[in-house]
Amino acid sequence: MARRHLAGGRDPHHAAVALAERDAFQGTDASGSTILDEPRTAAHRAEVVSSNTFSGPILVPLRARLGDTDMSVHRLAIGGSTFGWTLGSEDAYAILDRFAGTGGDLIDTADSYAAGRSESIIGAWMASRGCRDRMHLMTKVGRNPDLPGLAPDTIRAAVDASLQRLGTDRIDVLYLHGEDPEVPLEESLGAVGALVDAGKVRAVGASDFGPERLIEARVLAANGLPRFQTLTTRYSLMERSGFEGATELVAHAQGLAVMPYFALANGFLAGGIRRRSDVRHDARGARAGVHLGRRGLRVLAALDEIALSHSVAPATVALAWLLARPTVVAPVVSATNADQVDALIAAASVDLHRSELVELDRASH
């Protein structure tokens, strides 16, 4: 189903208003929030959500369901990989405040990000704002140096440590952070199942699992173990081959809610790097600089042209391209400052024409 076009030049708020006036809502989840009947279609509508005491209720694009769960989320996740690493608490709070204030409700982190400091910052922010019940928390276990791997005892200890840092009694989506060839998947999922039964975990996801392992997990789920509901993997206009093909086919067949990380190719697709002198001399800059070349400049040129026609930023278009993919529910994107958040969250309100999608496909291949 093709998404309806939002007139270029309208900001996300006006686009949401126009859609709200034009379309009827499609249903509700267990909490009464309005959601799409088919979250992986491209139709976008709007809903009213509470924001904060300063801005009051706001209109945001309609949320989508995570797999077969009763959770519905905004179609962009803010990534916490930089919290406690390149960003301190003050900057992280500003980003999270802007994200929540514009309707965002999905936060992604991991127990290995900044040795757990990312989780601690997010937990302290939620406590200070009193917003835990409005947020959906996703975290990952398996790569923390103190608790590596996916053995049952390790998973249980890692989840308890994450819950303490996050200051909450539950994790909305617990990701197994990469495959562990040393531990049978049946044992790992069994441990997660016990955590679900205990109310500590609501749903389980796979992070960087290959198609064979995803198929194995589905077979195990048919025998009563928890079923993967989401998949997070590296995917963007600059990095397509790792997901497109077998993994994408399996994800689609299993109805997984795909949440690409590095959705802006470490910031390259934001358009700030056009020449070698633009590359920052740090780890993040080096990762973005890898994409600087003929193909990368070709993609940026296509993004520039399409962004101009929609009166949005190139990063918004790059994320809108991902949201047009049939399996993608919400890209995971990090921001370096609060001013970047508006362009990120606007992607859910941008409708790309078929010709624009073709142009981006052509430029990125």
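Buried here means under 20% relative accessible area, exposed means over 50%, and partly exposed lies in between (1.4 Å probe, protein chains only). The model is predicted: local features need pLDDT of at least 70, side-chain atom pairs count only at pLDDT 80 or more, and totals for chains, interfaces and linings use all residues. Residues are numbered from 1 along each chain as its sequence is written, and side-chain values use heavy atoms, with hydrogens and water left out.

**The chain**

The chain has 365 residues, of which 58% count as buried. Its secondary structure comes to 12 helices and 14 strands; helices (H or I, at least four residues) and strands (E, at least two) are DSSP runs, numbered from the N terminus. Contact means heavy atoms within 4.5 Å. Among contacts between residues at least 6 apart in sequence, 74% join residues at least 24 apart.

**Strand β13**

Strand β13 spans residues 257–261, and because five of its five residues are buried, β13 is largely enclosed by the rest of the structure. A257, M259 and Y261 point one way from the strand, while V258 and P260 point the other way. In a regular strand the side chains alternate between the two faces of the sheet.

β13 pairs with strand β12 (residues 228–234) in the parallel sense over five bridges; two strands pair if DSSP finds at least two bridges between them. V258 in β13 is the bridge partner of L231. Between β12 and β13 the chain passes through helix α7 (residues 246–254), giving a right-handed β-α-β crossover.

**Helix α3 and S118**

Helix α3 has 13 residues and reaches 18 Å from its first C-alpha to its last, close to the 18 Å expected at 1.5 Å a residue. The expected span is 1.5 Å times one less than the number of residues. Its buried residues are S118, E119, I121, I122, G123, W125 and M126.

S118 lies in α3 (residues 117–129) and counts as buried because its relative accessibility is 0%. Leaving aside neighbours within four places in sequence, S118 is in contact with G80, F83, T109 and Y113. Just after α3, G130 takes a positive phi of about 60°.

Technical notes. Right-handed = clockwise from strand over helix to strand, strands pointing away.
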